[in-house]
Amino acid sequence: MSTSAIETHTLSKNYDGRDVIRDVSFSIRSGEIFGIIGPSGSGKSTLLRLLDLIEQPTGGRLTIFGTDALVPDAKFPLRRRMALLSQKPVIFSRSVSDNIALGMEYRRKTKPEISKAVTETLDAVGLAGYGKRSARTLSGGEGQRMALARAVVTEPEILFLDEPTTNLDPVSAERIEEIIIRLNREKGITVVICTHDMIQGQRLAHRIGVIMDGALPQVGTTKEIFHQPTTTNIARFVGVKNMYAGVITENHDGEAIIDVAGKPIAAVTPFLPRTKVTILFRAEDVTLHLEQSVKTSARNVFRGIIKKMVPSGPFVDVIVDCGIDITALVTIQSSEDLGLTRGMKCWVSFKATAVHVLEEQ
Amino acid sequence: MVNEIIDGFIQAIQLIVSLNPEVVGITILTLIVSLTSTFLSALISIPAGAYIYCHDFFGKRLVINIIQTLYALPTVLAGLLLFLLLSHQGPLGFLDFLFTPQGMILAQMILVTPLILGLTITALSGIDKDMRHSILSLGATKFQAVVTLIQEARFAILAAVILGFGRAISEVGAAMIIGGNIRAFPGDFLSGTRVLTTAISLETSQGDFSLAIALGLILLGVAVIVNVGLNMIQSGSLWKNSWNS
């Protein structure tokens with residue numbers, strides 16, 4: 001796990017004077033699943049194409065398997081050790097088997113070798129028996145599984161996935177995810193997956209890099225990215241609902257009190273008094289209760305009135321006006337049990353350790 | 001006039017049924033010249049089109065514009081220029097191609113090559129960018145990538161070839177100037193340069209309208225048969241990839 005498969009140093013790409021990728025430096029460890037999350041148009045696909053050596057960066061360094069990948073002669077052999085699955089399945093006008101065989105044909109494998117590998121791979125992606133069909137007749141999910149089979153049949157050491165499940169129904173998406181996890185666990189393939197779906201990133205990736213506007217401002221474990229984002233933009237993108245500007249009023253050995261619109265909020269931070277900060281905490285870290293007497297170790301307890309309830313899947317975002325609007329995530333079940341409605345008085349609480357503090361730039 | 005058209009039909013059927021040796025000879029020569037010129041043009045144009053498509057060079061846009069302009073090259077102008085080149089004093093006089101089927105093939109190639117070349121470039125340009133990236137990512141060499149791209153654009157490229165054949169078999173200006181509409185010796189259809197279009201032109205000028213119409217109908221018939229054949233190829237069976245069949 002320790003050696004790096006890919007290392008970039010101030011990697012940049014510029015199209016017609018526009019910086020699409022700017023000074024991206026990070027490394028991907030051998031054998032890990034690395035997620036790249038970011039909004040649409042942030043440069044995810046371009047970054048993958050740079051890493052897969054399909055496009056030439058305009059600046060910076062790129063090392064793959066310890067080799068300088070930007071030396072012209074190094075590219076082709078390195079490219080043959082990697083594979084890329086694009087967001088929209090690319091389908092060649094030929095049979096499913098011939099589609100999957102393409103990469104092996106390029107590598108001049110013998111027909112029996114190809115035939116064996118294609119059959120095995122078809123089976124692995126759940127398309128056994130589809131080999132002779134024209135690839136054009138496949139559904140979206142089948143097409144993407146075929147494209148995945150075509151990418152992995154050449155046994156790449158690094159697999160790049162560009163939003164592989166974005167256009168798929170949930171069942172197909174789940175199958176693709178299962179296959180990806182299996183490839184990573186059983187064959188040790190390093191996987192780099194781009195997604196704008198943070199939950200997918202969280203579910204699959206060991207580590208995540210956040211890409212915003214062509215730059216990579218944060219790389220870390222999913223917990224770090226989701227709970228300790230380093231900028232407010234990242235926080236907003238990873239779904240942090242509670243974000244406020246404030247000033248530190250006191251700090252005793254890291255246990256600080258921050259004034260947010262007149263409310264004292266306890267947090268753990270090294271910043272000194274009078275520092276202007278932004279504090280943030282996730283809605284799922286906020287507990288909602290109807291009486292103050294509920295025993296809680298949380299140091300931040302506020303009284304308020306329910307202002308709005310926004311359903312989201314099996315949960316409800318309950319926005320409570322406590323002078324500042326605080327959002328708490330409650331399951332639909334407990335929302336019904338508590339009989340929550342708009343205008344109801346309630347209490348919210350959250351721990352000082354759940355509050356992440358950013359110095360205002 | 002209507003009578004002549006009807007007579008033409010009747011005569012066409014008679015000529016075909018009786019396998020009139022001269023008409024058969026003219027038809028065979030027409031097919032040989034047009035198919036050869038189209039085939040040789042395709043042989044040059046498809047790789048050349050792929051080369052132009054794949055390489056970025058100074059003036060590429062201009063080259064493509066010139067190629068596309070040549071789609072409309074007047075056949076008589078092509079014939080005239082080639083005539084000057086092939087004449088005994090001309091730079092290509094040593095070939096001795098003037099008034100020969102070879103010369104006519106060359107003339108038709110000049111007319112057909114820009115068409116197939118330009119439309120091949122257009123066909124390749126129509127391929128999705130994701131597909132080009134996929135081909136590279138799958139580990140293709142440059143050559144393998146081009147072959148796959150041509151295979152993917154095969155329908156559009158074959159359509160270009162069909163169009164090219166249409167231009168070759170139907171043109172009269174260059175065939176007349178370069179070939180000279182020379183009647184073949186009986187039994188040796190390669191000894192002459194009379195093809196269906198030049199024969200129609202001659203019969204019309206001689207006032208034998210029904211024979212001209214009969215030859216015109218044969219020309220149309222030949223074009224239909226060749227196009228149906230090429231369309232059958234286009235619709236699939238002959239292009240299927242090999243290894244799992």
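Residues are numbered from 1 along each chain as its sequence is written, while chains are lettered from A and ligands numbered from 1 in the order in which they are written. Because the model is predicted, local features need pLDDT of at least 70 and side-chain atom pairs count only at pLDDT 80 or more, whereas totals for chains, interfaces and linings use all residues.

View 1. Chain A contains 10 helices and 20 strands; helices (H or I, at least four residues) and strands (E, at least two) are DSSP runs, numbered from the N terminus. Its C-alpha trace spans about 75 × 45 × 40 Å along the principal axes. Of the 361 residues in chain A, 42% are buried, where buried means that 20 or more other C-beta atoms lie within 10 Å of the residue's own, exposed means 12 or fewer, and partly exposed is in between, with C-beta atoms placed from the backbone. The domain assignment gives domain 1 (4-236) and domain 2 (240-359) of chain A; such bounds come from an automatic or database domain assignment. The C-alpha centres of these two domains lie 38 Å apart. Their contact takes six residues from domain 1 of chain A and seven residues from domain 2 of chain A, a contact being two residues whose C-beta atoms, placed from the backbone, lie within 7 Å. On the domain 1 side, the largest share, three residues, comes from helix α9 (residues 232-237) of chain A.

**View 2. The largest nonpolar core.** This core has 160 residues, and those with the most contacts inside it are A:Leu159, A:Phe160, A:Val192 and B:Ala107. A nonpolar core is a set of buried Ala, Val, Leu, Ile, Met, Phe, Trp, Tyr and Cys residues joined through C-beta atoms within 7 Å. Helix α5 (residues 101-125) of chain B gives the largest share of the core, 15 residues. Domain 1 (4-236) and domain 2 (240-359) of chain A both contribute residues, so the core lies between them. Not counting residues up to four places away in sequence, A:Val192 touches A:Ile28, A:Phe34, A:Ile36, A:Leu48, A:Leu51, A:Ile158 and A:Phe160.

**View 3. The contact between chains A and B.** Chain B gives 14 residues to the contact and chain A gives 27 residues. On the side of chain B that touches chain A, the elements that give two or more residues are α6 (129-137) and α7 (142-152) of chain B. The largest share of that side, six residues, comes from α6(B). By class, that side has five nonpolar, seven polar and two charged residues; Ala, Val, Leu, Ile, Met, Phe, Trp, Tyr, Cys and Pro count as nonpolar, Asp, Glu, Lys and Arg as charged, and the others, Gly among them, as polar.

**View 4. Helices α8 and α11 of chain B.** Chain B has 11 helices and zero strands, and 39% of its 245 residues count as buried. Helix α8 (residues 154-170) and helix α11 (residues 209-234) of chain B pack at an angle of about 170 degrees, with their axes 10 Å apart. Axes are lines fitted to C-alpha atoms, for helices over the stretch in contact, and angles run from 0 to 180 degrees between N-to-C directions. α8(B) and α11(B) are therefore roughly antiparallel to each other; angles under 35 degrees count as roughly parallel, over 145 as roughly antiparallel, 65 to 115 as roughly perpendicular and the rest as oblique. Residues of α8(B) in this contact include B:Phe155, B:Leu158 and B:Val161, and those of α11(B) include B:Ala223, B:Val226 and B:Asn227. The contact of α8(B) with α11(B) has 10 nonpolar, three polar and no charged residues.
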